Amino acid sequence: MWQETLPKAWESILSRIRSFEYSQKNAVLVPAAMLGVGGMLVYWLRSRHKIKTIEMGDGWWGSGERPLKGKEDESIRPFKIETSDKEIEDLHRRLEQARYAPPLEGAAFHYGFNSSYLQKVVAYWRNNFDWRKQVEVLNKFPHFQTTIEEPAAHGLNEGDVVFEVICPSIPGYGFSEAPHQKGFDTIATARIFHKLMNRLGFKEYYLQGGDWGSRITTNMAQMLPQSVKGLHLNIIFVNKQGLRRIISVMLGAYVPWLVGLSREDVRRMYPFIQKNIYELLRESGYLHIQATKPDTAGCGLNDSPVGLAAYILEKFSTWTDKSFLHKDDGGLESKYSLDELLTNVMIYWVTSSIVSSMRFYKENISKVSRLTADARVGVYVPTGIAAFPQEIVHTPHVWAKEVFKNIITYSYMPRGGHFAAFEEPKLLAQDIMHFVRKVEQL
């Protein structure tokens, strides 16, 4: 009896012990599980607020193999623009031998640069334009060259912001050596410009960009936001599409307030088909050539100064004011002088940089925009936007903030077009100053 009872007693005791052990394990497992879930939740919440950036990476765009690490010349060398009698004589000879096709009657600038006015421009270029004088003007500004991945008291009021302005040329433009390898895009340019600023001793800085400069500086802000105190743009590119955007466009003309559009947005964007499809197609034919076969057209432009002038200066007409399309002279001299315009053309001519500048379009636009690294990364640095009324496309504030998450200022500029820094430098400078003051007060 006792022998039978003892095992049962032990079984009962052991059963209670096992039950106690199990409850103890549960007591440990439950808080452990809660800690695990809580930790994952905290990580998820923190990761949501963590700013995504573009990987900086590295590259080599010089000819041949990259030199060994530490062998790159990091010196910053003074640079002076020079010319010669031979260079000017060659230009004059080519200008004198130019052939022209007569324009259609009443065509104005509807078919491109009007050849009758082009002959007047070329006559001025040949007989009145003084390249040596313009070189002296350009050399009044300090110029420098450096190799990165690539061989290659003023009456101010209290509180005024004073800038040290660094204006780097995109490699392949002007006097900046062109890449020798394929693939040099805005992200590579952004990396090089960050390296340049670091080499110059700047740890934090403001950025400003228009045209390609807008995308490059945006990439710089996405790449190293900790170095960018603020980003100011006078054109922005927002490529997000989809049903939401279609609805916004459809409702915007009738109930703009419902989709976040202002009256000024409506004035600049509608009729939508005309301003955002027809006019954009009309003004972007060059883009399709340069984004696909840049060398084909580039060879002719690099050989003919007259062809180069027509190709470049036509953009200074309709991109300054769309109504200039109807003028026989393209309205060019209403905003610029021929000396200013031809100096711009001469920089492309004397450096033979038109082909390399056109290739930049292929390196960027031939890629599927939604798959590029920058398409998946927002911009979180303080941002200022100057929206000029004659810009090729208008991006309203409500669309801009889909990408630019920290817009401090958004200004509807009273006049001006695509070449704002050239056409309306004072207006642009005032808006930059206004933006910087706002950021400095944060």
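**Aromatic pairs**

Modeller: Let us start with Y206, which is partly exposed, at a relative accessible area of 23%. Please keep in mind that this is a predicted model.

Biologist: And F435, is that one buried or exposed?

Modeller: F435 is buried, and its relative accessible area is 1%.

Biologist: What kind of aromatic pair do Y206 and F435 form?

Modeller: The pair is edge-to-face, with 6.4 Å from centre to centre and 85° between the planes. An angle over 60 degrees counts as edge-to-face.

Biologist: Where do Y206 and F435 lie?

Modeller: Y206 belongs to strand β3 (residues 205–209), while F435 belongs to helix α19 (residues 425–440). The pair therefore ties together parts that are 229 residues apart in sequence.

Biologist: How many aromatic pairs does the count come to?

Modeller: The count is 19 aromatic pairs. One of them joins F79 and F175, whose ring centres are 5.5 Å apart and whose planes stand at 55°, so this pair is tilted.

Biologist: Which residues do ring pairs link into a cluster?

Modeller: The cluster consists of W61, Y173, F184, W212, Y286, F316, W319, Y336, F360, Y361, F419 and F422.

Biologist: A change of topic: what sits over the ring of W399?

Modeller: That is the charged end of R245, positioned 4.0 Å from the centre of the W399 ring.

Note on methods: Residues numbered from 1 in each chain as written. Predicted model: local features only at pLDDT ≥ 70, side-chain atom pairs only at ≥ 80, totals over all residues. Heavy atoms only, no water. Phe/Tyr/Trp six-rings, centres within 6.5 Å; stacked < 30°, edge-to-face > 60°. Helix = DSSP H or I, 4+ residues; strand = E, 2+ residues; numbered from the N terminus. Buried < 20%, exposed > 50% of the residue type's maximum accessible area, 1.4 Å probe, protein only. Lys NZ or Arg CZ within 6 Å of the ring centre and 35° of its normal.
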